[in-house]
Amino acid sequence: MELKTSETCKNLMRAFAGESQARNRYTFAAAAAKKQNLYVVEAVFKFTAEQERMHAQVFFDHLKELNGEELTIDAAYPIETYTDIKEILKNARENELKEYNQVYKTFGETAEKEGFKAVAYSFEEIGKVEKVHSDRFAYFLDLIEKDELFVSKTETGFMCLNCGYIYKGTNAPMICPVCKRDQGYFIRLELVPYGGKF
């Protein structure tokens, strides 16, 4: 089967469009988090947005042989204009889970049936990443709902994302003693990107 006449071709374009929209939604979500002084949540959304950009690139690269053509697709994408960070995280979690459980599984099965094994692999593996995104959003939503984003029941480490200062205790400082940024910049040490044992 030729890619141009396949359902997989349309699914690749749907996925490209979906990932592109997710990236923009997460950029908007990052701005909303920043307005609420939740800089750590802003960083999570920016981090995830960049991964969505890469997913879009992977799907777009599978379409290279159609360079110069135009594809018409039909698809549905969420419109979410929430400003409350809990609602934003909740919907982001659900959208990512849907991609994992339904969308990319179906797209991968179709690609496999149509003989596009490399495309099927991309859908399968990116679907797994979307599950990680869902879990990440769920984790931060849970911390916020329990009022534990900057509080721990046991002593732990908190790092300032701005300057790297590490505080040990049960509450992140209200103000970083080094760079004077507010509490919104602190993240639990176990969640620090590129971390390890400190």
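**Pairs, cores and burial**

Guide: Asp135 and Lys131 are 4 residues apart in helix H4 (residues 117-145), so about one helical turn separates them. The model is predicted: local features need pLDDT of at least 70, side-chain atom pairs count only at pLDDT 80 or more, and totals for chains, interfaces and linings use all residues. Residues are numbered from 1 along each chain as its sequence is written, and side-chain values use heavy atoms, leaving out hydrogens and water.

Visitor: What makes Asp135 and Lys131 a salt bridge?

Guide: The definition asks for a side-chain nitrogen of Lys or Arg within 4 Å of a carboxyl oxygen of Asp or Glu. In Asp135 and Lys131, the closest N and O atoms are 2.9 Å apart.

Visitor: How many salt bridges does the structure hold?

Guide: It holds 14. One joins Lys117 and Glu112, at 2.8 Å from N to O. Lys117 is exposed at 55%, while Glu112 is partly exposed at 40%. Another joins Lys64 and Asp61, with the closest N and O atoms 4.0 Å apart. Lys64 is exposed at 57%, and Asp61 is partly exposed at 32%.

Visitor: What is the pattern along the sequence?

Guide: It runs α-α-α-α-β-β-β. The protein chain has 4 helices and 3 strands. These are DSSP runs: helices (H or I) have at least four residues, strands (E) at least two, and both are numbered from the N terminus.

Visitor: Which residues have the most contacts inside the largest nonpolar core?

Guide: Val41, Phe45, Ile85, Leu89 and Leu149, in a core of 35 residues. Helix H1 (7-35), helix H2 (39-61), helix H3 (85-113), H4, strand E1 (151-160) and strand E3 (186-188) each give two or more residues to this core. Apart from it lies another core of 15 residues, among them Leu3, Ala15, Leu66 and Tyr104.

Visitor: Why is a set of residues called a nonpolar core?

Guide: Its members are buried Ala, Val, Leu, Ile, Met, Phe, Trp, Tyr and Cys residues, joined through side-chain atoms within 4.5 Å. In soluble globular proteins, nonpolar side chains tend to be buried together.

Visitor: What is Leu149 in contact with?

Guide: Contact means heavy atoms within 4.5 Å. Leaving aside neighbours within four places in sequence, the partners of Leu149 include Leu38, Val41, Phe140 and Phe158.

Visitor: Why does Thr110 count as buried?

Guide: Its relative accessibility is 18%, which is under 20%, so the label holds. Thr110 lies in helix H3. Beyond neighbours within four places in sequence, Thr110 is in contact with Glu7, Thr8 and Asn11.

Visitor: What share of the protein chain is buried?

Guide: Buried residues make up 43% of the 198 residues.

Methods
Buried means under 20% relative accessible area, exposed over 50%, partly exposed in between (1.4 Å probe, protein chains only).
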